[in-house]
Amino acid sequence: MGNLSFLTRAEIESLGPPTPEELVETEVSEAFLRDLALKHVAALADPTTANVAERIHLPLALTDELLYQLYREKLIEIRLQSAIGLTRYAMLDLGWERVARSHTRCGYVGPAPVTLNDYAHMMRLQAAPSRPASMTNVRNAFSDLVLPESLLQTLGCAINSRSSLFLTGLPGTGKTAISERMNAAVSGAIWVPYAIEIDGQVIRIFDDHCHQRVDGKTPDEFDRRWVKIQRPMVVVGGELTLENTDLVWSDSSRFYEAPFQVKSNGGTLVIDELGRQRVSCTDLLNRWILPLERRIDFLTLHNGKKIEVPFEQLVIFSTNLDEKEFVDEAFLRRMGYRARLELPTAAAYGEIFRRAATARGLSADDSVISHLLRKYEGSRRPLKCCEPRDLLNRVSDICMLEGQTLNVSENLIDLAWENYFGKGHTYEHYSAAPKTQVQSAVV
């Protein structure tokens, strides 16, 4: 497992993954690394040791060693030998032939990968934050939401356990908003590799769409095959299928893309709108029983080989369906925590409205909120947590259209209500257009 097995979590956080001093310390096949270096030489307009080292993310001395071996095999030639890092190379015919053969097996051209063992070790080492979340952390993470204290306590326990949370409730009660903020309560960044190598095949892990780099806070010297990121949060919804949970192989690029649950390792995975996927809910839930119980997942290479990868994230299942309709007891037993979100009281709704207004730089006085609550009562419409935001969005739209300063009044609330919940539009106030305008419209 190289140097990583001897490091503690605190050392990883302060020093980062240690830089390999010998090629053998990478534990990746030297033949694979030579082929990868050759691909970089072939792809560069001006291949120098420094340029290749920058792209392969290995130390200059190790990159120079790989290139010298390629030179000894007569795959590349030295065009200009200079100070270390400045030596220039050029491809030879044998080199182009080797690159073509190499691409048929694996087309990956990027930072040198790490081993699956090193990746698994690092994910397990970093899974739990070095400092558990406190109630203060939890309140800060959800400070823009109005939530019962008992729910905050449940969320805090789920965050620290890094297990799973089954979140249910009617539409509009805040399930998605809560899920999106869970990750914010977990402290610290983590290190993930750009890619991992297995039997000459590559699985790309780092993804700019899922992972946010931590800039300016990394050690000066570390193994640059790893990148420091904020704890990731990955959300999947109704588009999810069982095929999405396995490795994605590309016939054109000839390497794998890690599935979403691997990219969420060390962070939070939200499976939203559970029960509305195109796949059977039973099949989908059965897919997660083993990973939730054993903290490992199994993926399949295109040659049929199964590999074991860590399943180290907080998993949130969110649904507005009744759990009894589609979830069996065997699955619920494996849930770490369960929470059902109820509709807000009038007082809670008023506070949600005030906060939503304040976020827009508005002031909502008690008379406006009382007027709005009377409209709910008169129409026998249930109060929902999402509706203050939506109604205020309509208020903003009306003010923009009318060219007036953004404000909240009873009249604007009435107009926003009609536009949000719908109203029949009659021709009582119809005024005919000027004759010339009607004629032009007919023409």
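Which residues of helix 6 are buried? The buried residues are L116, D118, Y119, A120, H121, M122, M123 and Q126, where buried means under 20% relative accessible area, exposed over 50% and partly exposed in between, with a 1.4 Å probe and protein chains only. Helix 6, residues 116-126, is thus described as mostly covered, with eight of its 11 residues buried.

The model is predicted, and local features need pLDDT of at least 70, side-chain atom pairs count only at pLDDT 80 or more, and totals for chains, interfaces and linings use all residues. Residues are numbered from 1 along each chain as its sequence is written, and side-chain values use heavy atoms, with hydrogens and water left out. Helices (H or I, at least four residues) and strands (E, at least two) are DSSP runs numbered from the N terminus.

The contact (heavy atoms within 4.5 Å) involves E387, D390, L391, R394, V395, I398 and C399 of helix 16, and L412, I413, L415, A416, W417, N419, Y420 and F421 of helix 17.

H57, which is not a glycine, has a positive phi of about 60 degrees and lies in the loop between helix 3 (49-56) and helix 4 (60-72). R254, also not a glycine, has a positive phi near 65 degrees; R254 is found in the loop between strand 10 (248-249) and strand 11 (256-257). At 24% relative accessibility, R254 counts as partly exposed.
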